[in-house]
Amino acid sequence: MNAEGLEGLVEVVLPGKVEPEGLEIRHGAVPVAGPGQVVVRMEATGVSFAEQQMRRGRYYDQPPFPFVPGYDLVGTVLTTGHGVDPGLTGTRVAALVKVGGWASHVRVEAADVVPVPDGVGAAEAETVVVNGVTAWQMLHRKARISAGRTVLVHGANGGVGSVLVQLARAAGYAKVIGTASARHHDSLREQGVIPVDYRTEDVAARVRELAPGGVDAVFDHVGGRSAVDSWHLLAPGGTLVSYGSASTRDDTGSKQWPVLKLLGRVWLWNALPNGRHAYFFNIWAGRALSRTRFRARLRADLTQVFGALQRGDVTARIAAQLPLSEAAEALRLAESGTVAGKVVLNP
């Protein structure tokens, strides 16, 4: 048996609604790849907003506690199951899993892994898996606006927002306006983004000054009142892409209600005869209807994002790298709102 076979499984468990310190480390046997599956030795996984909601029991379709969180991961294929090309072994891949990524070894359907190009590091690639695919699909599959237009990105320094503004600039949008706290403004200006301080400025009034005719697209992860303001900032024919309800992260009560309310608003807005469009973006949409089509789209889009990373259109923003055993510290850091980019966990 080689040294790889002697490794054990290390995973982080979310046992219930706990503070970050309540996360548990569990040891076990490395999983075995079943038919059509691969086992990936994790090299990088990350803390996304979903985990911040999940530990509060606020993510709208999270599994019952206890479970291993971790929305995505990058790693090397260690073993392959029956029916899988053995040549995949040793390949660096990325996978979007929703849960299960915070582990040293993860069993994944072989059809769900996407090759990471040579020369792209594991941590770099990790920063653009869920964040990059979300940004790419919202920009190019939902908003689909032509170059030379004006877009507004809320949370322009966040995980998804920071990729969005870079992809928007690369796509040739004339004006990209981004909301962020003041400490991130210099960095945004360097990227050609016009920053607006959501803490001290009246965002709607400032955006109207910058775009008197309205903006062609708004990307809003805040939900609630922000989504309503975003809708009113659209130019005729403009598109609102809402992709979360961050404003309700610390609320109590139903976790489904904020999403259902947002979906109701989206339906209502789309019924209005003013040529504007609204979408509630869910990265998993369409998976239940056609897994083959969903996988093909994910593979195509993540490949595009990795290409943008290689070209330098997108820069990997790594806020910090911590070992898996310090997941509690990583989660606290991500929740602090003091860092720009992605908090990455390594084995």
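Predicted model: local features only at pLDDT ≥ 70, side-chain atom pairs only at ≥ 80, totals over all residues.
Residues are numbered from 1 along each chain as its sequence is written, and side-chain values use heavy atoms, with hydrogens and water left out.

**View 1. The second largest pocket and its lining.** On a 1 Å grid over the protein atoms alone, a pocket is an open set of points with protein on both sides within 12 Å along at least five of seven lines, and lining residues have an atom within 4 Å of a point. Its 20 lining residues include V97, V99, V106, R107 and V108, which lie nearest the centre. Two elements, β1 (9-13) and β6 (105-109), each give two or more residues, with β6 giving the most at 5. By class, the lining splits into 10 nonpolar, 3 polar and 7 charged residues.

**View 2. The largest cavity, about 50 Å³ in volume.** A cavity is a set of grid points where a 1.4 Å probe fits but cannot get out, and the structure holds 3 of them at 30 Å³ or more. Volume here is the space filled by probe spheres set on the points, which are joined across faces, edges and corners. Among the residues lining the largest cavity are T127, N131, T315, R317 and K342. The lining divides into 2 nonpolar, 7 polar and 2 charged residues, Gly being counted as polar. Helix α4 (residues 159-170) gives the most, with 4 residues.

**View 3. Helix α4, mostly covered.** Helices are DSSP runs of H or I with at least four residues, strands runs of E with at least two. Of the 12 residues in α4, 9 are buried, meaning under 20% relative accessible area with a 1.4 Å probe, protein chains only. V160, L164 and L167 are among those buried. The buried residues pack against α3 (130-143), β8 (150-153), β9 (175-180), β10 (193-197), β11 (215-220) and α9 (291-311), where contact means heavy atoms within 4.5 Å. After α4 comes G172, with a positive phi near 90 degrees.

**View 4. E335 and two arginines.** E335 sits in helix α10 (residues 327-335) and counts as buried because its relative accessibility is 15%. Its side chain makes polar contacts (N or O pairs within 3.5 Å, one able to donate a hydrogen and the other to accept it) with the side chains of R55 at 2.8 Å and R56 at 3.2 Å.

Technical notes. Buried < 20%, exposed > 50% of the residue type's maximum accessible area, 1.4 Å probe, protein only.
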